[in-house]
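Please look over the sequence and the structure before reading on.

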Amino acid sequence: MLAKRIIPCLDVDKGRVVKGKKFQDIKDVADPVELAMRYNNEGADELVFYDITASNEERNIFLDMVERVAATINIPFMVGGGIRTIDDIYRVLHSGADKVSINSAAITNPTLIETAAAKFGTQCIVLSIDAKETEPGKWHVYQNGGRTNTGIDALEWAIQGEQLGAGELVINSIDVDGIKNGYNLTLTKAIADQVNVPIVASGGAGSPVHFQQVLRDNIADAALAASVFHYDLINIASLKQYLTQQNIPIRSVS
């Protein structure tokens, strides 16, 4: 079994890492490059950077920050937000990112996933899905930073994303984002049961137990979290030690 991954998420707005709850009440946290270095040293397996207002403001992503992060850390990282074209993807990868996350642009133009996967490889193209429950057992895809309900069924979109060539799916549960009561296991497993690409669970982490729950077999391949790491509520090295004790295959901290 492949080792599970622990991935700190850095939401960036105007050059600063920020954090909110359910995609609202956004507060300043730290400098992204400094925080990236900290997580690199603490044993994170990967990092994710989201420019959370780029799509809604229809502006280009923060390439200068991508270059500074690439020059600072030695673990893989993914970048998303404001990526609308093949040229955008090229610039982000050329600036040093290992993967690109596509969200709103893929909803508007699904062929972007297919074209990008063919040009850069499926391993570089990640479909990020912001999902919110609209009725029991049914989730819709939201876009523009969780502001707009597309009416698209999240499970159907995940299946289509894999078929188009996305090499990985990040499942962001808006309902539990920032609440710290645990990942949305129902949503994550529902999607994991329908696809054959790696699943990254996002939203709701509050304790080491929550990571253990979502990283069990047949749920998620990686767990993404933000505030529990940003505010030192969970130490990555200690978390990995706990998960190892729970028989979760995990990469050791070097």
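The text below covers the nonpolar cores, then the cysteines.

This is a predicted model, in which local features need pLDDT of at least 70, side-chain atom pairs count only at pLDDT 80 or more, and totals for chains, interfaces and linings use all residues. Residues are numbered from 1 along each chain as its sequence is written, and side-chain values use heavy atoms, with hydrogens and water left out.

A nonpolar core is a set of buried Ala, Val, Leu, Ile, Met, Phe, Trp, Tyr and Cys residues joined through side-chain atoms within 4.5 Å; buried means under 20% relative accessible area with a 1.4 Å probe, protein chains only. The largest such core has 74 residues, and L47, F49, I89, L169, F211 and F229 touch the most other members. Helix 5, residues 111–120, gives the most to this core, with 5 residues (a helix is a DSSP run of H or I, at least four residues, numbered from the N terminus). A second, separate core of 11 residues includes V48, M78, V200 and L224.

Residues in contact have heavy atoms within 4.5 Å. Leaving out residues up to four places away in sequence, F49 touches M78, along with others including L10, V12, P32 and F62.

The count of disulfides, pairs of cysteine sulfur atoms within 2.5 Å, is 0. The accessibility of each cysteine is listed here.

| Cysteine | Relative accessibility | Class |
|---|---|---|
| C9 | 4% | buried |
| C124 | 11% | buried |

Definitions and conventions. Buried < 20%, exposed > 50% of the residue type's maximum accessible area, 1.4 Å probe, protein only. Helix = DSSP H or I, 4+ residues; strand = E, 2+ residues; numbered from the N terminus.
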